[in-house]
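Please open the structure in your viewer and keep the selection tool at hand.

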Amino acid sequence: MVSKKKINWWKWAFIVLVLVIVVSSGVILHRATAPAPQPEMVQSTKVNDSSFVVELNRKQVNALSANYLDNFLKDNKIKYNFMVGEKYATLVGNTKFLGTKVRFAINFIPERTSQGNVLLRAKGLSVGRLNIPIKFVMGYIAKNYNIPKWVSINPKKKTVLLDLKRYSKNRQLKYSAQEINMQDGHFKFLITVPEK
């Protein structure tokens with residue numbers, strides 16, 4: 001008799017949540033200047049018997065983001081790294097500009113919205129040694145790169161909204177940010193299995 005392996009849903013839910021956050025931060029470098037569509041507002045997730053909280057530290061977020069981005073960008077010519085530091089969440093990578101390889105970095109301050117989403121506020125950008133306006137670069141990314149429907153870039157406000165409610169809309173698990181504490185390196189997310 002062959003015993004079946006049990007699927008560890010907690011482990012997969014945890015990995016998926018962190019990867020969603022990391023990917024969406026990396027993906028924001030794929031569109032700009034076009035007006036961002038208004039994210040669809042979905043009713044907030046409520047804590048119930050089928051909910052659980054996942055707590056992460058900086059090291060866990062960085063390890064998960066590195067693992068996910070390695071797989072996600074495997075066949076992509078442009079590679080990114082997403083690192084959570086003490087003050088900023090930073091997206092770093094290389095791209096080609098006028099046939100030359102250029103290194104870029106965007107610093108974000110992440111915060112939790114009242115709807116349980118994650119808002120990334122751009123606070124600094126470097127492209128090689130050039131100082132290019134953040135609004136211009138974010139506009140370029142929004143216009144020229146393919147990003148998920150649940151990620152909204154607003155170049156005028158220099159923000160990126162990771163709409164976890166919209167991402168969760170047609171999925172088996174619902175995700176909601178509960179706490180983002182950059183200073184302490186403490187991140188808390190609520191994962192809910194919807195009742196049928």
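Helices here are DSSP runs of H or I with at least four residues, numbered from the N terminus. Please bear in mind that the model is predicted.

**First stop: a residue in helix 4**

Select Leu 164, which belongs to helix 4, a helix covering residues 164-168. Is Leu 164 buried or exposed? Leu 164 has a relative accessible area of 0%, and it is therefore buried, since that term applies under 20%.

Next, display the surroundings of Leu 164. Leaving aside residues up to four places away in sequence, Leu 164 touches Val 20, Gly 116, Asn 117, Val 118, Tyr 175, Ser 176, Ala 177 and Phe 189.

**Second stop: the salt bridges**

How many salt bridges are there? The count is two.

For one of them, select Glu 111 and Arg 121, whose side chains meet at 3.1 Å, N to O. Glu 111 is in strand 4 (residues 100-112) and Arg 121 is in strand 5 (residues 118-127), so this pair ties together parts that are 10 residues apart in sequence. Glu 111 is partly exposed, with a relative accessible area of 28%, and Arg 121 is also partly exposed, at 33%.

Then select Lys 188 and Glu 179, whose side chains form a salt bridge at 3.7 Å, N to O. Lys 188 counts as partly exposed at 24% relative accessibility, and Glu 179 counts as partly exposed at 27%.

Definitions and conventions: Residues are numbered from 1 along each chain as its sequence is written. This is a predicted model: local features need pLDDT of at least 70, side-chain atom pairs count only at pLDDT 80 or more; totals for chains, interfaces and linings use all residues. Side-chain values use heavy atoms; hydrogens and water are left out. Helices (H or I, at least four residues) and strands (E, at least two) are DSSP runs, numbered from the N terminus. Buried means under 20% relative accessible area, exposed over 50%, partly exposed in between (1.4 Å probe, protein chains only). Contact means heavy atoms within 4.5 Å. A salt bridge is a side-chain nitrogen of Lys or Arg within 4 Å of a carboxyl oxygen of Asp or Glu.
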